[in-house]
Amino acid sequence: MGQQGGRPHREVALISESKSSRMSYPHKLSAIIELFAGLSDAEKRETLISYADQARLQEPKEGEHFDLEDVRKDEECTDTVAVFLRLDEKGGGHFRVTLGPQVQTLTRAMSSILCKGLDGITPADVLSIPADFVPKIVGAELVRLRSQTVYYLLTRMKGVAKVWLQRQRQSSLEKDDAVSE
Amino acid sequence: MLPMITTEAMSIDTNYAHPEALVSTAWVSEHLKDEGIRIIESNEDVLLYDMGHLPGAVHIDWQRDLQDHTIRDYIQPESFAALCSKNGITPDTTCVFYGDKSNWWSCYALWVFRLFGHDKVKVMDGGRDKWIAEGRPLTRELPHFTASSYPVPPVRRDAEIRAFYDDALAQSRSKLPLIDVRSPGEFNGQVTHMPEYPQEGVLRGGHIPGAHGVPWKQAVNADATFKSAAELQKIYQTDLGLKPDDEIVAYCRIGERSSHTWFVLNYLLGFKKVRNYDGSWTEWGNRVGAPIEKSL
């Protein structure tokens with residue numbers, strides 16, 4: 001994973017405080033979950049298709065800079081899935097995702113949903129979100145048919161958030177050591 | 001009445017053992033509305049059909065439609081008959097399969113149709129990707145066919161084209177041809193599934209003792225079409241030493257990629273005794289006491 005620039009101590013503290021609040025879902029994600037909650041499985045599929053159609057809107061925009069990027073390519077099967085994370089001045093995270101042409105439709109849909117639903121929350125909060133909302137969105141049938149695919153992008157985003165937090169903690173420790181010396 | 005199918009018109013290599021089992025995108029385009037033909041899409045991507053499909057194509061999902069959901073097995077003949085009836089398929093219907101992933105799942109669905117004795121089957125060479133690359137039309141409109149009367153097949157022909165664990169074990173012990181069509185990393189035991197791919201839950205990596213690693217991908221071109229008869233003969237006969245009368249078992253992880261190789265060996269090269277071990281590595285790699293070979 002590539003990283004650009006560092007983060008001040010203040011944001012680590014914010015992450016810590018935020019984690020202690022123990023919220024279940026961020027409000028943007030809650031709104032999406034509620035939208036899906038009232039739909040039949042067939043309507044869920046149609047709505048997922050709509051989200052998949054919008055996946056390209058979540059790609060990085062020209063001139064955007066990111067704090068962390070995770071690009072992985074698998075020629076045998078899926079395709080390139082790149083996850084980008086930018087932190088704003090308040091410590092809120094903003095994800096962008098690019099998807100290769102062979103990436104599955106469910107993953108496309110989830111990229112739209114997660115980029116929107118997780119927008120603005122801290123990496124620590126991304127890590128603490130329980131994955132149990134995924135079946136509520138995609139429906140029982142699709143979870144049964146493709147149990148792993150539906151969690152793929154959330155796992156990737158959590159992985160990016162985790163790496164970012166680890167690097168922040170390491171950076172924080174090194175600065176503390178420098179001060180004590 | 002079906003139109004005459006000429007291999008020349010299909011742009012299909014006439015040197016294949018059964019060139020009539022493969023049709024080109026151009027041929028399918030000309031026969032989308034033919035009575036007696038049903039176009040069937042089968043994909044890895046469960047929502048891909050909903051994103052757009054060939055006009056008139058029906059969707060058969062390898063899990064939802066072909067698997068029994070209470071035991072690890074395929075549907076029973078009654079359910080197969082119901083599936084065909086629902087899609088307006090009769091025993092005389094020629095089923096043309098296509099899909100994503102270089103036709104893995106279309107070959108898998110075709111193989112399941114063969115299990116139930118439906119022999120009028122073809123694959124669209126190049127699959128969905130080639131159709132799209134050529135700028136051919138897709139639609140989101142769902143086709144509606146009058147339900148047909150499909151008699152319940154008397155048996156499922158497992159013994160002819162399907163191998164079970166005991167068959168694969170016997171094959172290994174007898175040193176008869178076992179073809180592992182997974183990627184090299186899966187074959188040598190470095191990984192238990194393809195990178196970035198759903199983990200099917202297997203506990204051990206490696207391959208069945210004595211198996212030859214011949215990745216399915218060797219049989220296709222960059223545009224997902226099958227390689228020529230001469231190229232396939234070189235891979236499987238000249239280099240690997242297989243003979244048309246050999247008893248061969250192919251396997252992969254869950255039986256989809258090995259269906260692709262089964263199609264190549266059976267239809268394109270004319271091998272007569274090829275079976276697909278659909279339990280594949282998810283069964284073998286989890287089975288208590290199953291011998292495993294690694295080549296790290």
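1. Strands β9 and β11 of chain B. In this predicted model, strand β9 (residues 178-180) of chain B pairs with strand β11 (residues 247-251) of chain B. The sense is parallel, over 3 bridges. One bridge can be named: L178(B) has V249(B) as its partner in β11(B).

2. The sheet around that pair. The sheet is open and has 5 strands, paired in parallel. The order in chain B is β8-β12-β11-β9-β10. Which strands form the edges? They are β8 (162-163) and β10 (212-213) of chain B, each pairing on one side only. Helix α11 (residues 256-268) of chain B packs on this sheet. The helix touches β9, β11 and β12 (273-277) of chain B. The direction of α11(B) makes about 175° with that of β12(B).

3. Helix α11 against helix α5 in chain B. α11(B) also packs with α5(B), at an angle of about 75° and with the axes 7 Å apart. The two helices are therefore roughly perpendicular to each other. From α5(B), the contact is made by W104(B), W105(B), C107(B), Y108(B), L110(B) and W111(B). From α11(B) come E256(B), R257(B), S259(B), H260(B), W262(B) and F263(B). By class, this contact has 8 nonpolar, 2 polar and 2 charged residues.

4. Two domains in chain B. The domain assignment gives domain 1 (7-156) and domain 2 (159-284) of chain B. Their centres, taken over C-alpha atoms, are separated by 22 Å. Domain 1 of chain B puts 24 residues into the contact, and domain 2 of chain B puts in 22 residues. On the domain 1 side, α5 (104-115) and α6 (127-133) of chain B each supply at least two residues. Which element gives the most to that side? α5(B) does, with 8 residues. By class, the domain 1 side of the contact has 13 nonpolar, 6 polar and 5 charged residues.

5. A helix pair in chain A. Helix α3 (residues 41-53) of chain A packs with helix α4 (residues 105-117) of chain A. The angle is about 75°, and the axes are 7 Å apart. That makes α3(A) roughly perpendicular to α4(A). On the α3(A) side, the residues are L48(A), Y51(A) and A52(A). They meet T105(A), L106(A), R108(A), A109(A), S112(A) and I113(A) in α4(A). By class, the contact has 6 nonpolar, 2 polar and 1 charged residues.

6. A hairpin in chain A. Strand β3 (residues 81-87) of chain A pairs with β4(A) in the antiparallel sense, over 7 bridges. A82(A) stands opposite T98(A) in β4(A). The hairpin has 5 residues between the strands, and G91(A) takes a positive phi near 90° there.

7. The two faces of strand β4 in chain A. In a regular strand, side chains alternate between the two faces of the sheet. Which residues of β4 (residues 93-99) of chain A lie on the covered face? They are G93(A), F95(A), V97(A) and L99(A). The uncovered face has H94(A), R96(A) and T98(A).

8. V160 of chain A. This residue, V160(A), is found in helix α8 (residues 152-180) of chain A. Is V160(A) buried or exposed? V160(A) is buried, because 22 other C-beta atoms lie within 10 Å, and the cut-off for buried is 20 or more. V160(A) and L127(A) are 33 residues apart in sequence. In space they are 9.4 Å apart, C-alpha to C-alpha.

How values were computed. Residues numbered from 1 in each chain as written. Chains lettered and ligands numbered in written order. Predicted model: local features only at pLDDT ≥ 70, side-chain atom pairs only at ≥ 80, totals over all residues. Domains from an automatic or database assignment. Contact = placed C-beta atoms within 7 Å. Helix = DSSP H or I, 4+ residues; strand = E, 2+ residues; numbered from the N terminus. Nonpolar A, V, L, I, M, F, W, Y, C, P; charged D, E, K, R; others polar. Pairing = 2+ DSSP bridges. Axes fitted to C-alpha atoms, helices over the stretch in contact; angles between N-to-C directions. Parallel < 35°, antiparallel > 145°, perpendicular 65-115°, else oblique. Buried ≥ 20, exposed ≤ 12 C-beta atoms within 10 Å, placed from the backbone.
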